[in-house]
Amino acid sequence: MQYRYSGTEPLAPPDGTILSVGSSADREHIRGLRATIDLAPIGICHFDVNGQFLLVNQRLCEILGYPRDTLLAKTFQQISFPDDLQDCERVIARLAAGELTVYHDERRFQRPDGSTVWARISVSPIRDEHGAFAFFTGVAEDVTTLRRDEDARREAEERLQAALAASATGTFRWDIVTNAIAWDASLESLFALPRGDVVATLDQFLARVHDGDRDRVAAACAACARTGADFDEEFRIVRPDGTERWIRDKGRTFLDASGRPVYMTGACTDVTDRRRMEDKLRASEGRLRRIVDSGMIGVYYTNGACDIVDANAAFLEMLGYTADDVDSGRLNEHRLTPYSWRALDDAKRAETLEAGVTAPWEKELIASDGRAIPVVVAHARLDAHGDQCIGICLDISSAKAAEAEREHALALEREARVHAEQAMQLRDEVLGIVAHDLRNPVHTVAMSTSALQSLELDASQRERHLGIIRHAVRGMERLIRDLLDVRRLEAGSLEVRHEPVDLLPLLRDTVDAFLADASARGLALIGEVDPQLPLVLGDGDRLGQVLSNLIGNALKFTPAGGRIVVYAHGTGSEVELAVTDNGPGIPPRVLSTVFDRFWQADRTSRSGAGLGLAIAKGIVEAHGGHIWVESIVGSGSVFRFTVPRLDDDSAAVAAQRSERNQRRSRATDGRSRRSA
């Protein structure tokens, strides 16, 4: 730690007073505290009323990109972002004057290389025992990555909105409990709402539905709110200028834990063009007749057996048949219709014979090459008493393809929205975990620091508080290391060495490191390892990390009186290692997710960040191995993983192992003689 003021001047405790340091022992403790703060994973500084830095820790230097001596020679004004400087100086003045007790914000700072770093800062004034201002203390956390992630999410949402606007699709969310509705800009455009006019409730939405469709739509909404059913309706809306548009509205209803419908999300698409086309197809038989006479659509004639006895060229070209096929009697409407449509076909023919004419309907006809052609057909009886009919047929393949494309676009939009919501949920979860798991140790450091500075403690009490601070700092370091490992795994940049590894000492040392913890928890921790275990090819430090994660996990969830066994044995071209316990076990429904990031057996316990198993999986797979879990509820769990064994146990490697064993043996004998 470096200071611009005298080394006898103390750090400031959280109550805002300045502690007088007289004895050499006090000064020694203060130096220890300064060294501890210098190891903190967040930036810490002191500066005077003119902005001159008095104290900076290592993390702040890393965040701002300056060497410590260089940063101590600067003022906060010199590193602040120019656009923010005036506001910063105004806040500092208010803090010094006592108008503010603490200030929190996110600010930009300029690094020496010209780049900008975002930091979440907290600044407080420190006052002496008389209440006079002494200096400022500041804390900074680098949030540049979070800012970039937020910008990326915002950009993705902008692209999504552009896609929705291009496809004439808008999205909504209906709160069933409060009847409140939230629309996006695309839906407001689809309804042509003027500036300042909003639809915020279900009643306001229904008011814009056409009078002829409103009761049906309202009844469908009520059914969704009552039963939790999904919504799928087509209806007309009336825009403010009086024009009517047809809307396809599809919504998904979500339920709470008790099965009660609570909200619906969905999308609306303008289908006016399709509806107008269908209306044209459903026009009178006289209008269709004029089209038939023009030769633009297919026309065919059938007898009582549904044989096609005549057809125009348009109909034959549509299906790929010829006049010879008609003359030879090979065409029959019943056989040209796919089986799934025949029941409807029979009903329509009966309707034709009874009423003399049918409204157009959709079906399919089988072409000569086997393709099913979507068509709209209409039948009419040729005379009042006979069974001969005329059929009019229109190929709607293009319209169907366009509808399929719209459905595909809607599916892509739903998928994009789900991904965006998942990304937001994951970001919030990460922020929540990091905030919680860093807040506790930071609070612990603050409390212990306050005790060291403000209480009269004997040597053992001071050492206990310093131990608490060191433990909290190590916890923060572990969390940061785990988060960095997860980031490397996601980026595919996790590095592992590939060198001969002797697992015997690795297993022994790892188990020994947990014996005290196991004993304190009332657990038996045992290592069962084949003494002839072959060498493996890998990274000893990373493999030790995997074992530590698995053993620590077992210790955490095995009740007192339990037994944990670590064993390893060779299996062909691999070595299998396992950690087994007789704890409560893992339910089958979550076995497939235990290696996911942030997975925890008990979400309410806040016991760790839930990164250990995900990191273990990434390390094992980086070695070319495999990791899995076997568990029986009530009987315990076994976490297993494999590592490739060394293909050629060369003489040099064997000699190295022998030498290590000899040195270990000599060391053991020496300890035994000294004990004797």
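Strands S9 and S10 form a hairpin with five residues between them, and Gly242 in its turn has a positive phi of about 95 degrees. The model described here is a predicted one. S9 and S10 run antiparallel and are joined by eight bridges. Two of the pairs can be named: Phe235 has Ile247 in S10 as its bridge partner, and Ile237 is partnered by Arg245 of S10.

S10 also pairs with S11, in the antiparallel sense, over nine bridges. In this pairing Lys250 stands opposite Ala267 in S11. Five residues lie between the strands of the S10 and S11 hairpin, where Gly259 takes a positive phi near 85 degrees.

**The sheet that contains S9, S10 and S11**

These strands belong to an open sheet of five strands in the order S8-S7-S11-S10-S9, with antiparallel pairing. Strand S8 (180–183) and S9 stand at the edges; each has a single partner strand, so one side of each is left without a neighbour in the sheet. From one strand to the next, the twist averages 25 degrees.

Helix H9 lies across S7, S9, S10 and S11 and runs at about 150 degrees to S9. H9 comprises the 17 residues 211–227; at 1.5 Å a residue it should span 24 Å, and the 25 Å between its end C-alpha atoms agrees with this. Which residues of H9 are buried? They are Asp213, Val217, Ala220, Cys221 and Cys224. Seen down the axis of H9, these buried residues fall within an arc of 100 degrees, so they line one face of the helix. The background to this pattern is that an α-helix has 3.6 residues a turn, so residues three or four places apart point the same way.

The buried residues of H9 pack against strands S7 (169–175), S9 (231–238), S10 (244–255) and S11 (261–270), and also against helix H8 (202–206). On the other side of H9, Asp211, Asp215, Arg226 and Thr227 are exposed. Gly228, with a positive phi near 85 degrees, follows the helix.

**A further hairpin**

Strands S2 (residues 43–47) and S3 (residues 53–56) pair in the antiparallel sense over three bridges. His46 has Leu55 in S3 as its bridge partner. S2 and S3 form a hairpin with five residues between them, and Gly51 in the turn has a positive phi of about 90 degrees.

| Hairpin | Residues between the strands | Glycine with positive phi |
|---|---|---|
| S2 and S3 | five residues | Gly51, about 90 degrees |
| S9 and S10 | five residues | Gly242, about 95 degrees |
| S10 and S11 | five residues | Gly259, near 85 degrees |

**The sheet that contains S14, S15 and S16**

Another open sheet is formed by five strands in the order S13-S12-S16-S15-S14, and its pairing is antiparallel. At its edges stand strand S13 (308–311) and strand S14 (361–366), each with a single partner strand, so one side of each is left without a neighbour in the sheet. Neighbouring strands of this sheet are turned against each other by 35 degrees on average, direction ignored.

Within the sheet, strand S15 (residues 372–381) and strand S16 (residues 389–395) pair in the antiparallel sense over seven bridges. Leu394 in S16 is the bridge partner of Val376. Helix H15 (residues 339–355) packs on the sheet, touching strand S12 (298–302), S14, S15 and S16, and its direction makes about 120 degrees with that of S14.

Strand S14 includes Lys363. Is Lys363 buried or exposed? At 2% relative accessibility, Lys363 counts as buried, because the cut-off for that class is under 20%. Its side chain is joined to that of Thr337 by a polar contact of 2.8 Å. Not counting residues up to four places away in sequence, Lys363 touches Glu333, Thr337, Trp341, Asp345, Ile373, Pro374, Val375 and Val377.

**Helix H19**

Helix H19 has 18 residues (540–557), which at 1.5 Å a residue should span 26 Å; its end C-alpha atoms are 26 Å apart, in agreement. At the start of H19, a side-chain oxygen of Asp539 reaches to within 3.1 Å of the backbone nitrogen of Asp541. The buried residues of H19 include Gly540, Arg542, Leu543, Gly544, Gln545 and Val546. Leu547, Leu550, Ile551, Asn553, Ala554 and Leu555 of H19 are also buried.

Definitions and conventions. Residues are numbered from 1 along each chain as its sequence is written. This is a predicted model: local features need pLDDT of at least 70, side-chain atom pairs count only at pLDDT 80 or more; totals for chains, interfaces and linings use all residues. Side-chain values use heavy atoms; hydrogens and water are left out. Helices (H or I, at least four residues) and strands (E, at least two) are DSSP runs, numbered from the N terminus. The expected span of a helix is 1.5 Å times one less than its number of residues. Buried means under 20% relative accessible area, exposed over 50%, partly exposed in between (1.4 Å probe, protein chains only). A polar contact is a pair of N or O atoms within 3.5 Å; within protein, one must be able to donate a hydrogen and the other to accept it, and residues adjacent in sequence count only if both atoms are side-chain atoms. The arc is that of the directions from the helix axis to the C-beta atoms. Contact means heavy atoms within 4.5 Å. Two strands pair if DSSP finds at least two bridges between them. Axes are lines fitted to C-alpha atoms, for helices over the stretch in contact, and angles run from 0 to 180 degrees between N-to-C directions.
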